[in-house]
Amino acid sequence: MADKKVSDTISQQQKSRQEFLELKRMQKGEIAPEPKPSEIAIVPKTFKEKLQNYWFHFKWHTITTVLCIAVFIFCVCECSAKPNWDMQVVYFSYTSVLDNQIEAVSNYLEGFAEDINGDGEININVVNCSVSEDDINSPYSRNILTKLQSMLFAEHTAILYITDEKSITYFENDKLKNFFYTDQLKFGDDFYAATKNEQLGELPEGLQIAARKVEGTAFENNKTAEKIQGHALKLLEKLKGKT
């Protein structure tokens with residue numbers, strides 16, 4: 001038993017001496033120091049550990065990438081779902097009408113239109129800018145008039161304008177002087193019969209339609225606006241037989 005204790009003591013002394021010598025060599029730069037436990041990389045082994053390690057290092061990269069993909073898919077779906085209009089028509093009257101009545105106007109005008117964009121379909125979007133003359137200063141009416149202004153000065157596909165005998169005076173100010181390219185064409189009985197709604201009745205009397213100018217405006221060099229204007233004039237010629 002005593003021999004074993006002596007042997008253990010000698011082993012510990014040898015080990016201590018060996019560690020002392022290695023420490024001296026490290027201090028002299030003869031050997032590289034061993035890494036600290038905190039510096040030793042823990043290599044993930046299981047799938048769960050690998051997943052946790054990836055999420056720890058690349059969490060925000062992954063979240064950003066997923067969000068970008070989601071936004072891209074949303075934009076593609078929105079663009080594919082949006083109808084490809086051949087032209088837009090602005091309906092501006094001082095008698096408020098509902099959108100389902102406006103849809104009937106679209107259907108009626110499509111019977112006189114052509115496939116301008118070549119997609120095999122005829123789609124006309126009639127933009128409802130009608131307001132009540134008795135409520136012209138309300139926030140809703142002001143929003144509608146703002147939308148009208150946007151159509152007037154920023155929408156090159158809106159060449160045809162439907163107005164009534166009162167709303168046409170809106171275009172008599174200096175800013176919109178000589179706005180129209182053609183004279184106002186009043187709708188006839190055929191139009192009112194086609195757009196009559198069983199619940200809401202007929203649209204207001206005195207509605208008329210005309211094409212706006214492209215020349216001398218911000219759309220003058222816009223090939224699409226010029227093309228739509230040509231088709232709009234053809235549509236008006238066909239409508240003359242129904243007035």
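## Largest pocket

The lining of the largest pocket divides into six nonpolar, three polar and four charged residues; Ala, Val, Leu, Ile, Met, Phe, Trp, Tyr, Cys and Pro count as nonpolar, Asp, Glu, Lys and Arg as charged, and the others, Gly among them, as polar. The model is predicted: local features need pLDDT of at least 70 and side-chain atom pairs count only at pLDDT 80 or more, whereas totals for chains, interfaces and linings use all residues. Residues are numbered from 1 along each chain as its sequence is written, and side-chain values use heavy atoms, with hydrogens and water left out.

A pocket is an open set of points on a 1 Å grid over the protein atoms alone, where a 1.4 Å probe fits, with protein on both sides within 12 Å along at least five of seven lines; lining residues have an atom within 4 Å of a point. The largest pocket holds about 190 Å³ of space, the volume being the space filled by probe spheres set on the points, which are joined across faces, edges and corners. Of its 13 lining residues, F153, F179, R212, G216 and T217 lie nearest the centre.

F153 belongs to helix α4 (residues 139-154); helices (H or I, at least four residues) and strands (E, at least two) are DSSP runs, numbered from the N terminus. Its relative accessibility of 39% makes F153 partly exposed, on a scale where buried means under 20% relative accessible area, exposed over 50%, and partly exposed in between (1.4 Å probe, protein chains only). Beyond neighbours within four places in sequence, F153 is in contact (heavy atoms within 4.5 Å) with K175, L176 and F219. The C-alpha atoms of F153 and A218 are 7.6 Å apart, although 65 residues separate the two in sequence.

N178 is located in the loop between β3 and β4 and is exposed, at 57% relative accessibility. Its phi is near 60°, a positive value in a residue other than glycine. Most residues other than glycine have a negative phi.

## Overall architecture

The chain comprises six helices and five strands, in the order α-α-β-α-β-α-β-β-α-β-α from the N terminus. Of its 243 residues, 32% are buried. Among contacts with a separation of 6 or more, 70% join residues 24 or more positions apart. The accessible surface, computed by the Shrake-Rupley method with a 1.4 Å probe, comes to about 16,600 Å², and carbon and sulfur atoms account for 55% of this area.

## Nonpolar cores

A nonpolar core is a set of buried Ala, Val, Leu, Ile, Met, Phe, Trp, Tyr and Cys residues joined through side-chain atoms within 4.5 Å. The largest one has 32 residues, and L109, L160, I162, F187, I209 and L239 have the most contacts inside it. At least two residues each come from β1 (87-91), α3 (99-110), β2 (124-128), β3 (158-163), α5 (189-195), β5 (208-211) and α6 (223-239). Helix α6 provides the largest share, six residues. Another core, of 20 residues, lies apart from this one and includes Y94, C129, A158 and F180.

Not counting residues up to four places away in sequence, L239 touches Y108, L109, F112, L185, F187 and I209.

## Buried polar and charged positions

D164 lies in the loop between β3 and β4 (185-186) and is buried, with a relative accessible area of 6%.
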